[in-house]
Amino acid sequence: MSTLGISALKVLAALGLMLGNGVVMIYMLRKVLGHLHIRLGPIHVGWKGTLQTVMDVLKLLTKEDVTPRAVDRWLFRLAPAVVFVPSLMAYAALPFSDTWRITNLDSGLLYTFTALSLIPIGILMAGWASANKWSLLGGMRAAAQQIAYEVPLLLSVLPIVMLVGSANLGTIVEAQQGTFLAVLPRWFIVNPLFWPTFLIFVVASLVESNQTPFDMSEAESEIVAGFATEYSAMKFGLLFLSEFSNQFIVSALGVTLFFGGWTLPWLPASVVSALGPVIFLIKTYLGIFVMMWIRGTFPRVRIDQVMQLGWQRLIPISLVWIVFSGIVIKVWS
Amino acid sequence: MSSTVDGIVFLALAFATIGGAVMMLATRNVVHAAFWLLEVMLATAGLYMLLSAEFLALVQVLVYAGSVAVLILFTIMLTLRRREDAIRDFEPGWGAGILAVLFGGALLFAVERFSAQMRPGVMPEVVPDVAAFGEKLFTSWAVPFEIASLVLLVALVGAVWWSGGDGQ
């Protein structure tokens, strides 16, 4: 088959993963949040309510697509696509196993961050095109907080790149193989040098993927549904799908950078190489579970508090930490 | 990839770049103009990608599309007092016209005069990877690199001082 055909198939595979992941994650979110609130979540459709999200997708597809009169038509139609495409792009560099990946990019880490950095544009577009004050407020909040946290997110992972000597996500995973004293895995999360890195990464990636303690762009208690207020039917579906997909991406990125990606040190190498993608997905979904747990536990912060934390705390801390870990890595090696 | 595919991609990207720039100037809505500018930046990144300049393309998207364009949009939306203010009349003015003609003339003259001396660059057989680029940047180009970062730092400090801060 030609290279072009293979590339097209790979894009389709990423799209399939993204859609399937959306259906699974909506069900998971409802169940996890339900049990955190001491209730059951969906139980009626299918076994334990598993078919509920499938029904919801069908409902979204058949609903009326309302376009309010005052909207900026072109931008209003374009915005869901502009939110969706970068989210799909971001799958390209993720290493699902040593052989299962869409591309093998030398600057895969930078690529993933680049894709993530395009998301606020679509949100801003949706917010402005809707011709609604709440929407615009939501869009502006999204843009402001994502610009503020892009910097610490990028800076925070630099110590890992310095230690590994590569920004290729596959190489970063390979550097985490093996164990300390045959028990502790050689994951970067075990290394005390990367604990502050991990904390900054968690906060910044929660902000970047619009997760609940920081989801001021759609805070339903203050601005209706933010940038998504005027959207209905599948346009709304696309906006939401991208949101879940971004959550998957940051979780997968966290697993790759800190939890050894597809590797599992306690199993023999042949088993690991066969089960790589499964291990990777399980770890990623564990990460998503933790994010949902945070969502069900913490109250939403105020927008000015988020901005202050980003600009005045996280950026200086991550800068200082880069210098410190640079010195430590130099002295060590 | 074959040269036909490359050619098609190049034509599409070139059209997107120039067409986007024309649309940016032609539209009367400042927000639309900002989005067209963003489109031009993305298409330019695509052209870099076509030249196998992977790192440059990524940085172009990350810095220009992901941050500068968002900042421009943010500023426009923050300073528009009413939604209707986004649409501006077409008011060319003589000064701008003369400037455009002068610039066009200078460009045309330069192309006429020097195009004979300029040869199209030849792509190397093996495209150097990002690691090689980094090594070059931090060894033979270390001083210009540091000077550039110093200039940016001065600009940053200047901006903070200019905007006043808390104590002033």
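Reader: Which residues in H3(A) and H10(A) meet?

Author: In this predicted model, the H3(A) side of the contact consists of A:Phe76, A:Arg77, A:Pro80, A:Val83, A:Phe84 and A:Ser87. On the H10(A) side they meet A:Lys235, A:Leu238, A:Leu239, A:Leu241, A:Ser242, A:Ser245, A:Asn246 and A:Ile249. Sorted by class, the contact of H3(A) with H10(A) has eight nonpolar, four polar and two charged residues.

Reader: At what angle do H3 and H10 of chain A pack, and how far apart are their axes?

Author: Two packed helices are described by the angle between their axes and by the distance between those axes. Here helix H3 (residues 73-89) of chain A packs with helix H10 (residues 233-258) of chain A at an angle of about 20°, and their axes are 9 Å apart. That angle makes H3(A) roughly parallel to H10(A). The crossing in which H3(A) passes H10(A) is left-handed.

Reader: At what angle do the axes of H9 and H12 of chain A cross?

Author: Helix H9 (residues 195-208) of chain A and helix H12 (residues 303-332) of chain A cross at roughly 150°, and their axes come within 11 Å. H9(A) is therefore roughly antiparallel to H12(A). This crossing of H9(A) and H12(A) is left-handed. From H9(A), the residues A:Pro196, A:Thr197, A:Ile200 and A:Val203 meet A:Leu309, A:Leu314, A:Ile317, A:Ser318 and A:Trp321 of H12(A). The contact of H9(A) with H12(A) divides into seven nonpolar, two polar and no charged residues.

Reader: Is H4(A) roughly parallel or roughly antiparallel to H6(A)?

Author: Helix H4 (residues 108-117) of chain A and helix H6 (residues 133-156) of chain A pack at about 170°, with axes 11 Å apart. The angle makes H4(A) roughly antiparallel to H6(A). A:Leu110, A:Phe113, A:Leu116 and A:Ser117 in H4(A) meet A:Gln146, A:Glu150, A:Leu153 and A:Leu154 in H6(A). By class, the contact of H4(A) with H6(A) has five nonpolar, two polar and one charged residues.

Reader: How many salt bridges does the structure hold over all chains?

Author: Side chains of opposite charge can pair when their charged atoms come close. The structure holds one salt bridge over all chains. A:Asp56 forms a salt bridge with A:Arg30, and the closest N and O atoms are 3.0 Å apart. A:Asp56 lies in helix H2 (residues 52-62) of chain A and A:Arg30 in helix H1 (residues 3-36) of chain A, so the pair ties together parts that are 26 residues apart in sequence.

Reader: How much area do chain B and chain A bury between them?

Author: The size of an interface is often given as the accessible area lost when the parts come together. Chain B and chain A bury about 2300 Å² between them, with 78% of it on carbon and sulfur atoms. B:Leu62, B:Met77 and B:Arg83 supply 28% of the area that chain B buries against chain A, more than any other three residues. In terms of contacts, 27 residues of chain B touch 25 residues of chain A.

Reader: How many salt bridges are there between chain B and chain A?

Author: The count between chain B and chain A is zero.

Notes:
Residues numbered from 1 in each chain as written. Chains lettered and ligands numbered in written order. Predicted model: local features only at pLDDT ≥ 70, side-chain atom pairs only at ≥ 80, totals over all residues. Heavy atoms only, no water. Axes fitted to C-alpha atoms, helices over the stretch in contact; angles between N-to-C directions. Helix = DSSP H or I, 4+ residues; strand = E, 2+ residues; numbered from the N terminus. Parallel < 35°, antiparallel > 145°, perpendicular 65-115°, else oblique. Left-handed = near helix turned anticlockwise from the far one by under 90°. Contact = heavy atoms within 4.5 Å. Nonpolar A, V, L, I, M, F, W, Y, C, P; charged D, E, K, R; others polar. Buried area = accessible area lost by both parts, 1.4 Å probe. Salt bridge = Lys/Arg side-chain N within 4 Å of Asp/Glu carboxyl O.
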